[in-house]
Amino acid sequence: MALASSGNSPAVFDLKSASLTLVALVVKSTRLPDLAEQLKIRLGPSTEFFNHDPVLIDLSQVHDSPEPLDFPGLIDLMRSYSMVPVAVRGGSTAQIDAALAAGLCAVPPQESPSPARAASTAAAPVAPRASIMVVDRPLRSGQQVYAKGADLVILALVNHGAEVIADGSIHVYAPLRGKAIAGATGDVNARIFTTCMEPELISIAGIYQTTDPPLPSEVRGKSAQVRLDGDTLIIEPIRV
Amino acid sequence: MAKIIVVTSGKGGVGKTTTSASFASGLAIRGHKTVVIDFDVGLRNLDLVMGCERRVVYDLINVINSEVHLQQALIKDKHCENLFVLAASQTRDKEALNKEGVGRVFQELAEMDFEFIVCDSPAGIETGAMMAMHFADEALVVTNPEVSSVRDSDRILGMLSSKTLRAIEGREPVKEHLLITRYNPTRVQGGEMLSIEDIHEILRIKLIGVVPESEVVLQASNQGVPVIHMAGADASEAYKDIVARFLGEDKPMRFIDLVKPGFFKRLFGAR
């Protein structure tokens, strides 16, 4: 549905959230001549390798270095290789103060995934979803339903051009002809169930598949489920 | 209380205006005081199909803007005693419509003891179509046996169930009727057209009638006579059945099965 634009206040700017993927220069020495030499060996005379890309200076390896780092010198050095230093991360308080003084900004240190934490994440079940959203009217072309943080149960048809989205699983007890997007926030255990599998698109945790070419006849128009096995969507009949 | 019926489809050229004219005429023939309103502001056609284009002095937008009284804008139909036409403005656009104005016009029509208000919706899903359906009690969803028309009808059905006043106020939903036009059993048999079953399988609303593809529809339209008045024609009979079913009568579906070619020849006479 198109939103009416406000015609009477011509905006000269908008504030929007944005994210940026950066290259990090992990500094392992605070001695500028060493850094200059190593950069020259690594990148050679070509100063065009970094096409004025923004670069983050990672100080975590020199965090405990007693020698101060010459930030203006480092910035000049990086610029000579067409890098655009924008921020520092992981430095000591003194290093961060010096970086701020040199016109960089500071970002919070990267969380190093400790083995213990990784294990606990893997062992912990995905946040339990107590809630369930039930829709008992037909969803027609252009209509969209999103079950945020919940499973979605639909008791009427989902027609071509309609979209059903859930953070959990999707159950459609009628023909599913539109798009079905389960595990919308990344739950790889989410599934899609329907009594009549005729979707335009199915997706679980971002892995999607259109139905052109059509689904195999053993599931098309039949009771079927969709689940994720690794990076592959498995569509299989439900036999009772 | 007047019953408001919107004739809508989403897609253009499927027969909304033809249906509005014949359906409203049919209600009037059956003795019900009826008004048919053209919501296609800027592209008015209903007056042409009703054959009253030379009698349009004031239109819906004039009434909405309180420039004239409703009585001054209502045009009495030349075929039916109980039928009035409210034409659209040709010089304005859909933005001239607003809920308050349309609601006030309906209120006044109800006070004038109109039993049925038939709203001929423009194509699309923009202001004009939304205004035509906003106050509806029932909807005739006109669909051709063709995938794009069925898809657009589906979209409109979604809006009827979510954007109308009844939906917003959480009252009993708008009663939806499927009306298939330009149906040709021969072409359905040949696989060129969707069948009634195909359409019903997708839309799943109650079928009120099927109007066969017919040359008479175009002839009638060009003559400014609603096709329901073309005695003996299939399309006329089909619309009479639709009106009867709308009024609660039980009529078997006609013109949906393949017939021998000789039948059409006989029906359309010397051609």
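This briefing walks through a predicted model with chains A and B, topic by topic.

Local features need a pLDDT of at least 70 and side-chain atom pairs count at pLDDT 80 or more, whereas totals for chains, interfaces and linings use all residues. Residues are numbered from 1 along each chain as its sequence is written, chains are lettered from A and ligands numbered from 1 in the order in which they are written, and side-chain values use heavy atoms, with hydrogens and water left out.

**Make-up of the two chains**

- Chain A has four helices and 15 strands; both kinds of element are DSSP runs numbered from the N terminus, with helices being H or I over at least four residues and strands being E over at least two.
- Chain B, in turn, holds 13 helices and eight strands.
- In chain A, 38% of the 240 residues are buried, where buried stands for under 20% relative accessible area, exposed for over 50%, and partly exposed for what falls in between (1.4 Å probe, protein chains only).
- Chain B has 271 residues, and buried ones make up 56% of them.
- The accessible surface of chain A is about 14,400 Å², with 56% belonging to carbon and sulfur atoms; such areas come from the Shrake-Rupley method with a 1.4 Å probe, and for residues only the protein chains shown count as cover.
- For chain B the accessible surface is about 11,900 Å², and carbon and sulfur atoms hold 49% of that.
- Among contacts in chain A with a separation of 6 or more, 37% link residues 24 or more positions apart; a contact here means heavy atoms within 4.5 Å.
- In chain B, 75% of the contacts between residues at least 6 apart in sequence join residues at least 24 apart.

**Confidence in chain A**

- The mean pLDDT of chain A is 84, and 85% of its residues reach 70 or more; pLDDT is the predictor's confidence in each residue, on a scale from 0 to 100.
- Residues 1–7 of chain A stay under 50 in pLDDT, and the model gives this stretch three contacts beyond four places in sequence.
- Residues 112–125 of chain A are also below 50, with one contact in the model beyond near neighbours in sequence.

**The cavity**

- Rolling a probe the size of a water molecule over the atoms shows where empty space is left.
- One cavity of 30 Å³ or more turns up in a search of the whole structure; a cavity is a set of points, on a 1 Å grid over the protein atoms alone, where a 1.4 Å probe fits but cannot get out, and its lining residues have an atom within 4 Å of a point.
- The largest cavity contains about 40 Å³ of space; a volume is the space filled by probe spheres set on the grid points, which are joined across faces, edges and corners.
- Its lining is made up of G209(B), V210(B), A238(B), D241(B), I242(B), R245(B), R254(B) and F255(B).
- In chain B, β8 (207–212) and α12 (234–246) are the elements that give two or more residues to this lining.
- The largest share, four residues, comes from α12(B).
- By type, the lining of the largest cavity has four nonpolar, one polar and three charged residues; Ala, Val, Leu, Ile, Met, Phe, Trp, Tyr, Cys and Pro count as nonpolar, Asp, Glu, Lys and Arg as charged, and the others, Gly among them, as polar.

**Backbone details**

- The peptide bond from D212(A) to P213(A) is cis, with omega near 10°, and P213(A) sits in the loop between β13 (207–210) and β14 (224–229) of chain A.
- S66(B) is not a glycine, yet its phi is positive, at about 55°.
- S66(B) belongs to the loop between α3 (60–64) and α4 (70–73) of chain B, and counts as exposed at 52% relative accessibility.
- R182(B), also not a glycine, has a positive phi of about 55°; R182(B) is part of strand β7 (residues 175–183) of chain B and is partly exposed, with a relative accessible area of 43%.

**Two loop residues of chain B**

- N45(B) lies in the loop between β2 (34–38) and α2 (46–50) and is partly exposed at 37% relative accessibility.
- Leaving aside neighbours within four places in sequence, N45(B) is in contact with T17(B) and D38(B).
- M253(B) is found in the loop between α12 and α13 (261–268) of chain B, and counts as partly exposed at 29% relative accessibility.
- M253(B) and G209(B) are 44 residues apart in sequence and 6.7 Å apart from C-alpha to C-alpha.
- Beyond neighbours within four places in sequence, the contacts of M253(B) are L207(B), I208(B), G209(B), V210(B) and R245(B).

Definitions and conventions: 1 Å grid on protein atoms, 1.4 Å probe; cavity = no way out; pocket = protein on both sides within 12 Å on 5 of 7 lines; lining within 4 Å.
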